[in-house]
Amino acid sequence: MSKTQSLQFARHLHPTPLPADQRAALLKNPGFGRVFTDHMVSVRYHESKGWHDAKIEPRAPIPMDPAAAVLHYAQEIFEGLKAYRTADGGATLFRPEENARRFQQSAERLAMPVLPESVFLEACDLLVKTDRAWIPDGDGSLYLRPFMFANEVFLGVKPSSDYLFLVIASSVGAYFKTDAPAVSVWVSTEYTRAAPGGTGAAKCGGNYAASLLAQAEATRHGCDQVVFLDAVEQRWVEELGGMNVFFVFDDGSLSTPPLGGTILPGITRSSLITLAKDKGIKVREERYSIDQWRADAGTGRLREAFACGTAAVVTPIGTVRGKDGEFRIGNGGAGLRTEELKAALVGIQRGRAADPHGWIHKVF
Ligand SMILES: *Cc1c(COP(=O)(O)O)cnc(C)c1O
């Protein structure tokens, strides 16, 4: 099957979607990842047939055989992107082509079939159009979760011959429950997230499974998130469990760890690098050690640090804690550079600022 193939999505609309008053009650304070829309999109893949059976239908449990490969060998990948409501009553997505391409790269790493970009985009558009009433107003958005898993009924270890691609959507507010101006992070020296040659650059569920114990350790130490060091030297800061990281220095410049196979290539990360350069801010993609981070926070050379990703956008890091004690960054709250970059990004995402790079994809 060619990569440019297009599919007709069959439409089975929900006979009894949630009534408007009940939906409105859910949208008042949706939190993150608990409120789901009426529909879901799916496409099947079989080795002999390629991609087929594309449809939108009422969101419902998926019947599954207990021997389905994903339940045993974790062949699963996912994406995350947000739909925003625009002032003219329309809806947009932010750089969805980048998610489609990253999904293809994740698929290749997990020995899964490559979903055509056009099918990924059409699936997202169709769900947003159909469930448009679920996009919250104000600061909220509709979080789309495209994912694919191995569905062959077979216990042998090999790439599956069957896959199911789905997109579900969740109305969301803020990612972090805390009202604090900045998050605290725990430096894990016990666990690592990704090793060279591993799956660190793929967005796969297995990476998250492997990060949960470290995240639990962070929580136990009173921290919001875990920050991982490289697996080889246990020295270089890589990223958080699900967010990339940036450092802001006293000369106004930025640095972020370089991609190299062990770091997830975030679309927020790449957008912020571009926006910073647009503003004439120097950005270095270079390794930064935990010892240097501590030293620079002490001397004031390091002014700010922040985490970034689609779900939580840009989140200042105020405190760094580890087995050797803790240190604070700047005043422990949000810094000016962090706020400036966040505002530039959110302005474009929300359609309040010009979009010089063509990042906004209009759904309707
Ligand atoms: C998804 C993800 C990110 C952020 O990527 P965005 O494209 O910016 O949302 C960062 N790190 C990990 C491990 C991720 O899974």
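**Ligand shell**

I began with the shell around the ligand and sorted its residues by class: four are nonpolar, seven polar and four charged. I kept in mind from the start that this is a predicted model.

Which residues come nearest to the ligand? I found Lys203, Tyr208, Glu239, Thr268 and Thr310, out of 15 residues around the ligand.

Next I went through some N and O pairs. A polar side-chain atom of Thr310 lies 2.6 Å from a ligand oxygen atom. For Ile267 I noted a backbone N or O atom, 2.8 Å from an oxygen atom of the ligand. Met243 also brings a backbone N or O atom, this one 3.4 Å from a ligand nitrogen atom.

Is the ligand buried or exposed? Taken alone, the ligand exposes 380 Å², and I see that the protein buries 97% of that.

**The largest pocket**

Where does the ligand sit? I located the ligand in the largest pocket. I noted a volume of about 1,000 Å³ for this pocket.

I then looked at the lining, where 46 residues take part. Phe32, Tyr175, Tyr208, Gln225 and Ala311 lie nearest the centre of the pocket. The elements giving two or more residues to this lining are helix 1 (20–28), strand 8 (141–150), helix 5 (205–220), helix 6 (267–278) and strand 16 (302–309). Helix 5 provides the largest share, five residues.

By class, I wrote down 19 nonpolar, 17 polar and ten charged residues for the pocket lining.

**The cavity**

How many cavities of 30 Å³ or more does a search of the whole structure find? I got one. The largest cavity holds about 80 Å³ of space.

Its lining is made up of Gly80, Leu81, Lys82, Tyr84, Phe94, Asn99, Ile267, Thr268, Thr310 and Gln349. Strand 6 (81–85) and helix 6 are the elements that give two or more residues here. Strand 6 gives the most, with three residues. By class I have four nonpolar, five polar and one charged for the cavity lining.

**Cross-check**

I went back to the ligand notes with the cavity list in hand. Helix 6 gives residues to the linings of both the largest pocket and the largest cavity.

Notes. Residues numbered from 1 in each chain as written. Predicted model: local features only at pLDDT ≥ 70, side-chain atom pairs only at ≥ 80, totals over all residues. Heavy atoms only, no water. Near = heavy atom within 4 Å. Polar contact = N/O pair within 3.5 Å; in protein donor to acceptor, adjacent residues only side chain to side chain. Areas by Shrake-Rupley, 256 points an atom, 1.4 Å probe, with all protein chains shown as cover. 1 Å grid on protein atoms, 1.4 Å probe; cavity = no way out; pocket = protein on both sides within 12 Å on 5 of 7 lines; lining within 4 Å. Sits in = over half its atoms within 2 Å of the grid points. Nonpolar A, V, L, I, M, F, W, Y, C, P; charged D, E, K, R; others polar. Points joined across faces, edges and corners; volume = space filled by probe spheres on them. Helix = DSSP H or I, 4+ residues; strand = E, 2+ residues; numbered from the N terminus.
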